[in-house]
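Please take a moment to look through the structure shown below, and then follow the explanation paragraph by paragraph with the model in view.

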Amino acid sequence: MADASYPDDLKYHAEHDWARIDGDTATLGITWYAQDQLGEVVYFDLPQIGSTLTKDQPYAEIESVKAVSDVVAPLSGEIVEVNEGLADSPENVNEDPYGDGWLVRIRLSEPSEVDELMDASTYEGTLS
Amino acid sequence: MSRYTSATDADRAAMLERIGVQSIDDLFETIPEGVRLDRPLDLPPGRPEQEVFAHLRELASRNVSTDDELSFLGAGMYDHYVPALVDSIISRSEFLTPYTPYQPEVSQGTLQVMFEYQTAISELTGLPVSNATLYEGPSALGAAGFLAYQHHKRTRFLISRGVHPHARETLRTMSAGWGIEVREIPLRDGVTDADALADALGDDVSAVFLSQPNFLGAVEDLEALVPPIKEAGAIAVSACDAMTLGVLRPPGDFGVDIAVGEGQPVGNRLDYGGPSFGFFAAQQAFLRRIPGRIAGETTDVDGRRGFVLTLQTREQHIRRERATSNITTAQTLNALAAIVYLSWLGRQGIVELGELMLQRTAYARRALAAVEGVELLHEQAVVREFAIRVDGGGGGGRDLIHDVIERCAAEGVNPGYRLGADYDEYDDGLLVAITEQRTRADIDRLAEVLGRAVTGARRFRRPEEVTA
C-alpha cells in the first residue's frame with residue numbers, strides 16, 4: 001500500500017474524495033485516508049456512463065472486506081468514463097488511489113462548485 | 001396469576017411506577033382507538049393439563065397422512081421417499097442449530113454442508129452461484145424480484161400464470177412495497193403464451209418470472225421464452241423443481257439469470273407443510289446482489305482446505321438497511337437433509353428417478369384420460385404432475401369436482417389438487433402428482449376409483465343442475 005499522501009494538484013471534499021480538474025471535466029477518486037479507513041477494497045460497483053452526479057450526494061458504492069460504503073460526489077456532472085480496470089483490480093484503489101485507482105471521469109455541470117472544494121493542506125488539516 | 005406468567009401483580013405495579021405510567025392500558029395510548037380491541041380476547045377458560053392433551057390428541061387424530069390414504073396431491077409439495085439415512089445424519093446434535101456460523105473455527109461441519117449444498121444446487125440449475133438457502137420457494141421468488149428491483153430501476157414485473165399461485169401472491173405483496181406493477185401473462189394450451197409475453201415486454205420491464213415445469217405440470221419452452229426477455233433487457237427468473245432436473249435441461253442452459261425453487265421435494269418430507277427451504281442460484285454477474293448467506297471454500301494458515309462465510313458485506317449485519325436481504329438464519333437443517341438426500345441419490349440416481357417419474361406419469365395420464373368424464377387439461381410434456389378436467393364441457397364441473405373428490409376420499413384415495421382454488425378458468429380442473437412412491441397398481445386404483453366417483457357424482461346431480 002502507498003504511503004499517506006495528498007497531492008497538491010488535486011481538490012478535496014470533506015467526504016474524503018478528490019477531484020483532478022481538467023477544463024470542464026474532472027477525474028474523481030477517494031483519498032488515501034478513505035482507502036486506509038476502508039481497508040482492502042474488493043469491489044467497486046461501476047456506475048453507468050451517462051448517469052449524473054449531484055455534489056454531496058452518493059453516486060456509487062465501494063466495498064472493502066469490512067464494509068460497503070457510499071462514494072459521495074465532490075462535484076456535479078455527468079459520467080463520461082468509468083475505470084473499467086477496477087472490475088478486475090479493485091486493489092488499485094488501495095495501491096494507487098490518485099492514479100490507477102481513479103473511479104470516474106465527469107463533465108462538470110456546475111464548474112463554479114470547484115471553488116467550494118478544499119486544497120490539499122486544508123483537507124489534511126481536517127484529518128487530525 | 002397463571003402459572004405461565006412470571007410477573008406478579010406487585011412486579012407489574014413496580015414496573016409501571018418506575019416508568020411513570022398509571023396502568024398497562026396507558027402503554028397502548030398511542031395506538032388509535034379504532035384499531036384497539038375493546039373487549040377481552042375470546043378464549044376459553046383454563047382447563048386441566050390432561051384435558052388439554054386429550055383435546056389435542058383428538059384434533060391430531062383428524063389429520064390424514066399420506067400413509068393413511070393413497071394420495072396424488074402435489075401442487076408444490078411432493079411425497080417422495082426419504083431414506084432413513086437422512087434422519088440418521090440430520091439428527092446429529094452438531095447440526096441441530098441453524099445459528100449463523102460466524103466463527104469458522106468452530107463451525108466447519110455446518111459450513112461444509114452449506115458449501116456442498118450450494119455446489120449441488122449450482123450443478124442442478126446450471127448457474128454458477130448459489131446461496132445457502134432462503135425460507136421457502138415463494139419467498140425465494142420474491143427475493144429474485146428484490147434483486148431485479150435493486151439491479152435496475154424499472155417499474156414492471158411480468159409473471160406467468162404458470163408460476164405457483166403462492167409465489168405469485170408473494171411477489172405481488174412484496175412488489176407493492178417497491179412500487180412495482182405486477183402483470184400476469186396468461187397460459188395457452190397449458191403453457192405460457194409466448195405472444196402475450198412478447199406483447200407485454202418493454203424497456204420498463206424489470207424481470208420476467210416463469211416456472212419449469214409450471215403449476216399445471218407442463219414443461220415450458222424456455223429455449224423460446226427466454227431470449228425475448230433478455231433482448232428487452234429484463235432479468236429472466238425461473239422457478240424450477242430440482243427433482244425434475246435429472247431429466248430436464250438446467251435453466252442456466254437457456255440463459256435464465258436466476259433460478260429459484262421450493263426445496264421440500266429434495267429430501268424433506270411433507271411435515272404438515274413445513275418448514276422447508278427455498279433455493280436461489282444466479283449468474284455470476286449478480287454475485288454481489290444475491291440475498292442470504294454464501295459459504296466459500298478457502299485454505300487455512302497451514303494450507304488446509306476449509307470453509308467460511310463469504311461476501312458478508314451484502315448482509316444486514318454489515319450493510320444494515322441496504323442489505324440484499326434481511327435474512328441471516330437460514331434453513332440449514334432442511335438444506336442438510338437435501339444434500340444428504342442428493343448424495344444418497346447420486347448423479348445417476350436423480351436421472352433414474354426422473355425417468356421413473358416420466359414413465360409413471362405418462363402411464364397415469366393415459367389411464368386417467370381413458371376414464372369416462374375425464375379429459376386432459378393440456379397435452380404438453382410433463383414430468384411428475386399433470387392436469388385433467390373432470391366432466392368438462394358439460395358445465396357445472398366446479399360443483400361436480402367437490403363431489404368427485406369426496407367420493408374418492410370415501411374410498412381412501414386423494415385424487416389430487418383442485419385447480420379451481422387458484423384458477424377460475426380451470427374450475428373443473430384437478431392436478432395429479434405421481435411420485436416414485438405411487439406404483440402402477442396405485443395408479444390403476446386411482447383410475448378405477450375416479451371413474452366410479454365421476455359416474456356416481458353425475459348420476460347424483462339433479463336434472464336442473466345439469467342443464468344450468
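Is the crossing of H10(B) and H12(B) left-handed or right-handed? In this predicted model, the crossing of these two helices of chain B is right-handed. The axes of H10(B) and of H12(B), the helix of residues 440-460, lie 9 Å apart and form an angle of about 20°, which means that H10(B) is roughly parallel to H12(B). On the side of H10(B) the contact is made by Arg360(B), Tyr363(B), Ala364(B), Ala367(B) and Leu368(B), and on the side of H12(B) by Arg440(B), Ile443(B), Asp444(B), Ala447(B) and Leu450(B). Sorted by class, the residues of this contact are seven nonpolar and three charged, with no polar ones.

A second pair of helices can be followed in chain B, namely H5 (residues 137-151) and H6 (residues 165-178), whose axes come within 8 Å and cross at roughly 35°. H5(B) passes H6(B) in a right-handed crossing. From H5(B), the residues Gly137(B), Pro138(B), Ser139(B), Leu141(B), Gly142(B), Gly145(B), Phe146(B) and Tyr149(B) take part, and they meet His166(B), Ala167(B), Thr170(B), Leu171(B), Met174(B), Ser175(B) and Trp178(B) of H6(B). The contact of H5(B) with H6(B) is divided by class into eight nonpolar and seven polar residues, with no charged ones.

Some details of the backbone of chain B deserve a look as well. Most residues other than glycine have a negative phi, and most peptide bonds are trans. Against that background, a cis peptide bond joins Gln212(B) and Pro213(B), with omega about -15°, and Pro213(B) lies in the loop that runs between strand S7 (205-212) and helix H8 (222-231) of chain B. Another cis peptide bond links Gly274(B) to Pro275(B), with omega about 0°, and Pro275(B) is placed in the loop between strand S9 (258-262) and strand S10 (278-282) of chain B. Asp189(B), a residue other than glycine, has a positive phi, near 55°, and is found in the loop between strand S5 (187-188) and strand S6 (191-192) of chain B.

There remains chain A, which has four helices and nine strands, running from the N terminus in the order β-β-β-α-β-β-β-β-β-α-α-β-α. Its radius of gyration is 13 Å, close to the 14 Å that the globule rule gives for 128 residues, so chain A is as compact as a globular protein of that length. The C-alpha trace of chain A spans about 35 × 35 × 20 Å along its principal axes. Between the chains, four residues of chain A are in contact with four residues of chain B, and the side of chain A that touches chain B has three nonpolar residues, one charged residue and no polar ones.

Conventions
Residues are numbered from 1 along each chain as its sequence is written. Chains are lettered from A and ligands numbered from 1 in the order in which they are written. This is a predicted model: local features need pLDDT of at least 70, side-chain atom pairs count only at pLDDT 80 or more; totals for chains, interfaces and linings use all residues. Axes are lines fitted to C-alpha atoms, for helices over the stretch in contact, and angles run from 0 to 180 degrees between N-to-C directions. Angles under 35 degrees count as roughly parallel, over 145 as roughly antiparallel, 65 to 115 as roughly perpendicular and the rest as oblique. A crossing is left-handed if the near helix is turned anticlockwise from the far one by less than a right angle, and right-handed if clockwise. Two residues are in contact if their C-beta atoms, placed from the backbone, lie within 7 Å. Ala, Val, Leu, Ile, Met, Phe, Trp, Tyr, Cys and Pro count as nonpolar, Asp, Glu, Lys and Arg as charged, and the others, Gly among them, as polar. The radius of gyration is taken over C-alpha atoms; the globule rule is 2.2 Å times the number of residues to the power 0.38.
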